[in-house]
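Please open the structure in a viewer and keep the selection tool at hand. The stops below follow one another as a short tour.

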Amino acid sequence: MNEAVKATNTADAEPIIEIDNLSISFFTRKGEIPAVMDFSCKVMPGEAMGIVGESGCGKSTVSLGIMRDLSNIGKIVGGRIKFRGKDMGDMSEAELRSIRGNKIAMIYQEPMASLNPAMKIGKQLMEVPLIHDKVSKEEAYKRALEMVEAVKLPDPERMMRSFPHQLSGGQQQRIVIAMALLSKPSLLLLDEPTTALDVTVEAGIVDLVRGLGEQFGTSMIFVSHNLGLILDTCDRITVMYSGEAVETGKIKDVFDRMRHPYTQGLFRSIPLPGADKNARPLIAIPGQLPLPHERPKGCNFGPRCHHFVEGVCNAAEIPMIPVKGHEGHFSRCVRFNEIDWEALPPGAETKSEPVKAGAPMLKIDQLKKYYKVGGSEVFGSAEDRVVKANESISFEARESETVAIVGESGCGKSTLAKVLLGLETASAGTVKLGNTEIQDKAIENRGVETVSSIQMVFQNPFDTLNPSHSVGSQIIRTLEKFKVGANPADRRKRMLELLDLVKLPRAFESRRPRQLSGGQKQRIGVARAFAGNAKVVVADEPVSALDVSVQAAVTELLMDIQRENKTTLLFISHDLSVVRYIADRVVVMYLGYIVEQGTTDQIFAPPYHPYTEALLSAIPIADTSVVKKRVVLDGDIPSAMNPPSGCPFQTRCPYKHLVPDNLCETTVPPQKDLGGGHMSLCWLSDDELAKMEPVISFDSQHAALEGEPEDVPRHGERYSAEGDPGFAGAPPKRPRGKRGSVAADRADAASGQDAAADVAHRDEVKDDRGGQRAGKPAPRRAAGAPIRPLRAGSGRQAVPAKTKPAGKSSVAKSNQPVSMRKPRKPDDLKLIAGVGPKIEGILNGLGIYTYAQIASWKKAEREWVDDHLNFHGRVERDDWVKQAKALAKGGEAEYVRVFGKKPR
């Protein structure tokens with residue numbers, strides 16, 4: 001990132017930050033939760049380290065651990081963090097306060113979380129030098145003003161006089177960066193600093209961040225889920241999974257020579273150049289991130305990994321292993337030297353036939369949507385102000401076609417969607433759904449057939465489901481509204497078919513939304529959208545709130561349903577990588593206008609509209625073979641209440657000087673036909689358009705192989721035992737184990753029973769219906785990974801155990817509690833904390849039906865039950881015997897007297 005600084009980084013140079021075997025746990029009412037385990041990294045002066053992974057993997061916790069900002073329940077339980085050679089664990093609170101915000105600064109994801117809405121920007125910036133450097137107010141103001149200029153904000157003095165709410169999101173984030181840099185920190189922590197920003201604003205922030213090392217000599221740790229951003233900003237990368245670093249190394253090594261299956265899974269989940277929805281679809285990672293108390297033995301990624309080998313990957317805990325020939329490259333995988341990196345997961349789709357577009361299903365002609373703002377009348381003004389949200393919108397979408405609508409926030413995308421759905425009515429123009437005009441019909445005035453024919457998949461799956469109702473009932477209610485089915489039985493049958501359609505188990509019918517992951521909730525949203533056999537589905541940023549692996553699964557789901565139902569899909573997005581992958585045609589909007597439209601190939605190749613060129617340049621692409629032309633726009637998108645005269649883009653256009661007679665500033669350009677249906681709203685001459693060069697160029701062969709290195713063994717080759725990395729080196733340092741206690745992990749190792757349970761869970765994950773194989777026959781398994789029966793306490797959700805797995809139990813069979821015949825009225829064992837319906841079923845299967853039986857258990861019997869359920873001491877921790885004694889003696893009243901609360 002900063003070659004001048006990095007040139008001084010000799011082997012004996014002192015790191016800015018050195019993290020060694022860091023372990024962080026959170027202590028809750030349910031016990032200790034290990035969030036980060038055995039994490040190590042080193043950041044040199046002027047170097048940028050990126051940390052990536054799915055939500056919940058521990059990325060942000062590492063940053064908060066460095067800042068010692070873990071709240072009252074978080075604690076560093078192992079390892080150490082050294083800042084400039086000094087162990088931060090040995091520092092006093094006063095020393096830590098002097099470092100935080102001064103030598104180590106942090107930029108959070110949401111800028112308003114760091115800004116006081118009641119204070120002007122200038123005063124907030126001045127606080128930093130006033131507190132840390134004890135300078136005068138005049139000197140503090142001078143430094144703050146210089147830093148506002150350094151982060152490239154227009155009119156710095158006006159910015160200093162402004163309140164946070166008067167700034168755009170990008171401006172707020174630049175102010176937060178300025179605040180962090182005012183003390184000239186040695187280390188800057190950035191936690192998803194661009195997630196909430198538009199892609200062109202993000203590009204400006206990335207350019208700014210990239211120049212920090214050169215200007216200030218700042219080292220950085222950049223936390224993100226976006227691999228493209230990490231490539232643009234960082235020198236090294238660490239990939240995290242389930243609290244552990246699973247791979248780390250130089251950017252080029254990890255991107256081009258990945259040595260962990262999870263890293264490869266992340267890359268296969270994102271639409272890199274060369275991906276094609278028909279010829280080379282995305283491959284989602286099956287299953288979900290394990291909860292901290294459900295981590296398997298051995299490799300945490302094992303249950304989701306198609307390279308898993310029984311008895312190897314789960315034989316012992318795996319340390320970080322050096323990759324031979326790659327300096328500083330480490331992987332937490334014991335098989336990386338024998339994996340065939342070209343192999344696809346079992347059952348991964350390789351090709352689909354392209355769907356031919358049919359007749360136009362949606363026609364929009366000269367659509368306008370204006371809002372009158374009359375609030376000024378309150379203050380005595382009779383003048384109405386008009387917001388022109390949509391201006392002269394014209395395009396059509398055909399059957400089975402995906403039309404993407406792209407543009408920055410405020411360009412009119414969502415307003416257009418509201419008009420189509422009847423949430424707003426048009427001010428002028430026409431919208432035809434089939435042969436029916438709908439532009440002037442609000443949703444309450446539309447017939448059932450019209451409403452069911454055009455539906456929406458919303459951006460946030462968490463806010464679109466009623467938390468009090470089951471998944472099945474919410475889908476059935478939609479069917480009732482659309483008058484689908486003659487009776488409740490028909491509607492329930494259709495509901496189950498919709499669950500099949502979105503590749504979710506039918507058992508989800510009775511689940512509440514809180515019991516579903518984000519991706520599963522979004523699948524329910526898709527099921528409701530298709531409940532009435534919708535002809536047009538408007539998908540408003542349907543994957544932006546999801547992790548990349550889940551994004552791939554939902555994207556492929558939408559494609560599969562569209563192929564099957566011949567649905568027209570309007571895909572609203574700011575992510576042009578996803579748009580390039582999914583769309584057949586693209587509509588580019590800016591300030592209410594369509595500035596360019598055409599096929600996907602036309603939009604992504606010159607000639608471009610100048611705004612489209614900037615959008616394409618801003619795409620973060622996680623491919624080292626890609627060469628991009630950098631186009632960073634100045635300023636923000638103008639207000640729709642006060643739009644510029646002439647071309648809507650003229651205030652930010654870098655080509656405006658090439659157009660004579662000030663046409664750009666005075667007259668709205670006509671739609672120019674560039675051939676083949678490719679239209680552009682631009683005054684540039686054909687000669688100037690012909691000079692445009694591609695924004696994105698890449699080696700397609702390299703992209704198709706995902707950077708396959710030359711030193712990877714070909715399929716079928718295997719190293720000797722001496723050549724394998726094996727379990728080389730010291731075991732990982734986990735002072736609290738993987739599930740919350742050392743005893744639990746020791747019990748795992750001693751029992752010898754977890755192997756079968758973990759393999760069983762791998763089958764459960766593969767059939768999770770969250771991946772591409774959902775709802776399809778299970779693929780044939782490798783000989784090294786035999787199918788084993790599920791059992792309770794497998795480290796995942798407990799399931800009924802009718803068959804005990806192979807392996808000798810660590811507790812003698814003779815200690816099994818005495819059983820009895822089922823009484824006429826068995827006790828409700830679920831009143832005992834720790835016993836749910838499934839565990840109660842298992843106990844009943846052992847002949848245990850009453851509180852008195854459990855109350856009589858001695859230590860040997862408690863240990864036998866705990867071992868049988870693989871609970872790792874939970875029977876003792878939850879004190880089943882004491883609870884059962886109270887319930888047996890006097891029911892709920894006695895339980896309340898003993899424990900001070902009602903039983904569950």
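A residue is called buried when its relative accessible area is under 20%, exposed when it is over 50%, and partly exposed in between. The model on display is predicted.

**First stop: a pair across the chain.** Select Lys277 and Asp584, which form a salt bridge with their closest N and O atoms 3.1 Å apart. The two residues belong to distant parts of the chain, 307 residues apart. Lys277 lies in the loop between α12 (261–269) and β11, and Asp584 in the loop between α19 (576–582) and β21 (585–590). Asp584 has a relative accessible area of 30% and is therefore partly exposed, whereas Lys277, at 11%, is buried.

Side chains of opposite charge can pair when their charged atoms come close. Select Lys86 and Glu95, whose side chains meet in a salt bridge with an N to O distance of 2.7 Å. Lys86 is partly exposed, with a relative accessible area of 40%; Glu95 is also partly exposed, at 28%. Next, select Asp828 and Lys830, where the N to O distance of the salt bridge is 3.1 Å. The relative accessible area of Asp828 is 33%, so this residue counts as partly exposed, and Lys830 is partly exposed at 29%. Asp38, Glu244 and Arg332 may then be selected together, for salt bridges that share partners join them into one network. The count of salt bridges comes to 32.

Select Lys120, Lys123, Lys137 and Arg161, which form a positive surface patch. Lys120 sits in the loop between β6 (104–107) and α4 (121–132). With a relative accessible area of 37%, Lys120 is partly exposed.

Select residues 169–181. Among the buried residues are Gly170, Arg174, Ile177 and Leu181.

**Last stop: His326.** Select His326, in the loop between β11 (321–322) and β12 (330–331). Is His326 buried or exposed? Its relative accessibility is 6%, so His326 counts as buried.

Terms used
Residues are numbered from 1 along each chain as its sequence is written. This is a predicted model: local features need pLDDT of at least 70, side-chain atom pairs count only at pLDDT 80 or more; totals for chains, interfaces and linings use all residues. Side-chain values use heavy atoms; hydrogens and water are left out. Patches are made of residues with over 30% relative accessible area and no salt bridge: like charges are joined within 9 Å, nonpolar side chains (Val, Leu, Ile, Met, Phe, Trp, Tyr) within 5 Å. Accessible areas come from the Shrake-Rupley method with a 1.4 Å probe; for residues, only the protein chains shown count as cover. A salt bridge is a side-chain nitrogen of Lys or Arg within 4 Å of a carboxyl oxygen of Asp or Glu. Lys and Arg count as positive and Asp and Glu as negative; His and the chain ends are not counted. The place of a charge is taken as NZ of Lys, CZ of Arg, CG of Asp or CD of Glu. Helices (H or I, at least four residues) and strands (E, at least two) are DSSP runs, numbered from the N terminus. Buried means under 20% relative accessible area, exposed over 50%, partly exposed in between (1.4 Å probe, protein chains only).
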